[in-house]
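Visitor: Please show me the structure, and then I will ask about it.

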Amino acid sequence: MKKFYFVLPLFASISFIAVLSSSCSDKDEEGNAGINPNTVTPEESIAVSAEQEGVVMTYCLLNSNGKPTTTFSEGEEITFDLKIENTTENTIYLPDGPAFLGYNTFRIFTKDGEDCGISWSYPEYWTMEMKLLLPSNPKHYQCPWYSDEIIKATYPFYFQPTAKRLTKGSYYTEAHCYFKNGTELTELCCIFNFNIENL
């Protein structure tokens with residue numbers, strides 16, 4: 001019986017040390033919790049999404065390192081990143097021509113609504129292959145703001161270097177998607193707020 005009373009406190013002490021060691025192993029040399037620097041906390045709106053009739057659109061901006069963010073340095077490359085997914089079991093039909101993405105997609109405005117323009121143009125000739133939004137086959141579009149040296153615009157967007165230099169301040173950008181589920185034309189729209197800071 002005496003052995004039992006001796007073993008129980010010893011077991012409790014060993015367990016406590018093991019738990020303590022386990023939590024410490026997740027810390028770096030400075031004693032900070034070992035959190036992935038790319039982890040997103042719930043309060044950070046690094047992406048916006050909209051959903052209607054089973055079509056989900058997700059919109060964000062990527063920095064020069066390809067990471068989603070809401071803050072850029074002056075002159076830093078901005079990449080628009082748009083995903084559209086059909087979560088239904090049916091084929092969704094897109095309107096003829098590239099206009100199913102709208103002419104304001106990837107357009108930037110100041111917080112006061114001043115139009116800063118776009119950095120792309122649509123092709124003159126449109127192929128029919130884009131007319132369907134198939135289930136479990138998401139479409140992913142990207143387009144840079146300043147230069148296409150690193151990131152190329154995704155068809156049907158063609159990069160054109162006419163984008164305005166963005167100075168320190170608050171901005172927003174839009175993304176649109178028009179589709180038909182039956183005979184009705186439906187629009188999805190996302191508005192993404194971001195900031196430009198000094199170098």
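Visitor: Which residues form one aromatic cluster?
Guide: This is a predicted model, in which local features need pLDDT of at least 70, side-chain atom pairs count only at pLDDT 80 or more, and totals for chains, interfaces and linings use all residues. Residues are numbered from 1 along each chain as its sequence is written, and side-chain values use heavy atoms, with hydrogens and water left out. Rings of Phe, Tyr and Trp (its six-membered ring) pair if their centres lie within 6.5 Å; planes under 30 degrees apart count as stacked, over 60 as edge-to-face and the rest as tilted. One aromatic cluster is formed by Y59, F80, F100, Y103, F106, W120, Y122, Y141, W145, Y146, F157 and F192.

Visitor: How many aromatic pairs does the structure hold?
Guide: One of the pairs joins Y59 and F192, with 6.4 Å centre to centre and 70 degrees between the planes, which is edge-to-face. Y59 lies in strand 2 and F192 in strand 13, so this pair ties together parts 133 residues apart in sequence. Strands here are DSSP runs of E with at least two residues, numbered from the N terminus. The number of aromatic pairs in the structure is 16.

Visitor: What is the geometry of the pair of Y155 and Y158?
Guide: Y155 counts as partly exposed at 25% relative accessibility, and Y158 counts as partly exposed at 41%. Their ring centres are 6.1 Å apart and their planes are at 80 degrees, so the pair is edge-to-face.

Visitor: Which ring has the charged end of R165 over it?
Guide: A charge sits over a ring if NZ of Lys or CZ of Arg is within 6 Å of the ring centre and within 35 degrees of the ring normal. The charged end of R165 is 4.2 Å from the ring centre, and the ring is that of Y146.

Visitor: Why is strand 10 largely enclosed?
Guide: Two strands pair if DSSP finds at least two bridges between them. Strand 4 (residues 79-86) pairs with strand 10 in the antiparallel sense over 6 bridges, and K83 has H140 of strand 10 as its bridge partner. Strand 10 (residues 139-144) is largely enclosed by the rest of the structure because its buried residues number 5 of the 6.

Visitor: Which backbone nitrogen does the side chain of T105 reach?
Guide: T105 is in the loop between strand 5 (92-93) and strand 6 (108-110), and its relative accessible area is 0%, so T105 is buried. Its side chain reaches the backbone oxygen of L101 at 2.2 Å. At 2.8 Å, the side chain of T105 also reaches the backbone nitrogen of H176.

Conventions:
Buried means under 20% relative accessible area, exposed over 50%, partly exposed in between (1.4 Å probe, protein chains only). Helices (H or I, at least four residues) and strands (E, at least two) are DSSP runs, numbered from the N terminus. A polar contact is a pair of N or O atoms within 3.5 Å; within protein, one must be able to donate a hydrogen and the other to accept it, and residues adjacent in sequence count only if both atoms are side-chain atoms.
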